[in-house]
Amino acid sequence: MAEYAVELRNVWKRFPGPGGEVVTAVKNVSLQIYDGEFFALLGPSGCGKTTSLRMIAGFELPSEGEIFIHGRPMGKTPPYQRPVNTVFQSYALFPHMTIGENVAFGLQMKGVDKKEITRRVAEALEMVRLSGYEKRKPKQLSGGQQQRVALARALVNRPEVLLLDEPLGALDLKLRKEMQLELKRLQREVGITFIFVTHDQEEALTMSDRIAVMEGGVALQVGTANDIYEHPNCRFVADFIGETNFLDGKVAEVDTDKARIELPGGVSLWAHTPQRVVVGQAVTVTVRPEKMHIRPNATDINQVTGYVTDIVYIGTDTHYGVVLIGGQTIRVREQNYAADSRLLAREGEEVCVRFSIEAARVLTE
Amino acid sequence: MSAKKQSPWLTLVSILVYFFLYAPIIVLIVFSFNASRTNVVFEGVVNQGPCGPFYWYCELFRNRSVMDATRNTLIIAFTSTVVSTIIGTMAALALQRYDFFGKKVSETALYFPIVTPEIVMGIGILVFFSAVFGWINTALALAPSQRLTMGLGTVIVSHIAFSIPFVTLVVRARLHGFDDRLEEAAMDLGANEFTTFRKVTLPLIAPGVLAGAMLAFTLSLDDFIITFFTTGPGATTLPIYVYGLLRRIVTPELNALSTIWVLVVLIVVAISQWFQRRE
């Protein structure tokens, strides 16, 4: 058995567009998803994440490349012969069937005997805490309950991989939070590989073991939540995951894994360089707002001067908007950890913003 | 609504509308029990023979030509309904599901016969059949007894043709807003294309398909113009037969026939309503 539950190898998907042109939804995507992993495909709408998921499910076929499930090439295998099940964004419960019939559908298709079906349906409904709902129709259930039925209907078949297409998209915030934890609990319980499509970065960070950030049909970065947040490999990823500051400048000096970057207005700072850069190259430096400080601090080497333009106090933190001498604006997030935290500056006041070399990352693309 | 005083004029107009709609039918039914042979004066309820007040109904059932016409009409209606419902539903599914070259044109072309005057369709079909039959008959040099002629077959084919657009229209209305994900879900759960259609698609569009079938059935049942052009010897339908009678003498037998007809249609409509309610 192969070590990957699902592997996408140089997968492309092209669609005919409405005007006869070719739309490339997925561009040369290669992904390796481990067995038992909770994997998220994260990106804005139209980034190709849903198309990728639909290709794994078999609803779409790749224009190029190959998809493997546990090492077996899927080729043109139709959805009903793939060892995966899908939870749809709209749940797609069969409205003319009861909850029990909905959950039993997959087992009936497999020809499982009646007694076994009854037992497993009851078991699956218990797992999603909907025991006793067998006789009801989907319409009589709330959105959250329908969602759980959709989960039970997929999981009852014990698929090798469960695919979830924005399954929490239609729920309100409170229910979403609940379901996020519920999904995680379920995934641990059943030990099945979950591949999860979402546009909500917080959701992806909360639930997944690893995340692939997609944009424009390309998988930009794959890694753990921590990896992607702390070590974004491009501007899009840094911007999409959490909040960040971008400072545009030119490389002035290179030193092994760090470089001095000159910003407009004569300000310069040192930043970590994960990729090789050369002197004179135009680059972007990203620094997370919580890694910048207005508070005096001796250890941080980088110091840039600016003026406070606005202050937003939200209790746990205070956000300061600062315009630098060169005209670039940044946001600084100071945590109010002291017993009696006060504002560190007033609007219009000149401040010195500090941050470490490691907090600043040079992005070349 | 309740606060607004209803205008007496509105009530009056409504009553008049319903009166004009239903009075002729009621008169027709009443006259089917007429003691007189004519449909001019009501001379009291007939009470003749073993059937009593239903004398004309019994006469009707003894009338060979009426029974033949009824049989023809039902054969045509059933056959054309089944075939046009299948083809019409398939067309609706194809138009709903696929984008193909010339989709707009083929869709418009499909609905065009609905607005085309029936007389034009009738003449067109007649000309078409005579031309094709003439050509086949000469080409194969068929003997007079083997020749292709107008008859039950041509009527059925033309009824199928004019019913398809109506079925497609009704089924498409039902398909509008159909969640394609439901079919994907079925396939995802292990159902192949055919099982998916049987277990998910068809049950969900069944009310539309049934409504389309009912429409096709009633259209075929009372079609006169196209049938008139395409019928042949031995393929007389009820509308054609009734039209023939009108030129001679109208007896209450005809009223009895119409009364039964109205009842049948009523039952069909009630059944289809019941089916749609159940969804």
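**Close-ups of a predicted two-chain model**

**View 1. The open sheet of chain A.** Four strands line up here in the order S2-S1-S4-S5, with antiparallel pairing. On the edges sit strand S2 (22–34) and strand S5 (72–73) of chain A, each with pairing on one side only.

**View 2. S1 meets S4, with a helix packed on the sheet.** Take a look at S1 (residues 4–16) and S4 (residues 64–69) of chain A: these strands run antiparallel and are joined by five bridges. A:Trp12 has A:Glu64, in S4(A), standing opposite. Helix H1 (residues 49–57) of chain A packs on the sheet and touches S1, S2 and S4 of chain A. The direction of H1 makes about 115° with that of S1(A).

**View 3. Where chain A touches chain B.** Here 17 residues of chain A are in contact with 15 residues of chain B. On the chain A side, strand S6 (84–87) and helix H2 (99–110) each supply at least two residues. H2(A) gives the largest share of that side, four residues. Sorted by class, the chain A side that touches chain B has 10 nonpolar residues, six polar ones and one charged.

Terms used
Residues are numbered from 1 along each chain as its sequence is written. Chains are lettered from A and ligands numbered from 1 in the order in which they are written. This is a predicted model: local features need pLDDT of at least 70, side-chain atom pairs count only at pLDDT 80 or more; totals for chains, interfaces and linings use all residues. Two residues are in contact if their C-beta atoms, placed from the backbone, lie within 7 Å. Ala, Val, Leu, Ile, Met, Phe, Trp, Tyr, Cys and Pro count as nonpolar, Asp, Glu, Lys and Arg as charged, and the others, Gly among them, as polar. Two strands pair if DSSP finds at least two bridges between them. Axes are lines fitted to C-alpha atoms, for helices over the stretch in contact, and angles run from 0 to 180 degrees between N-to-C directions.
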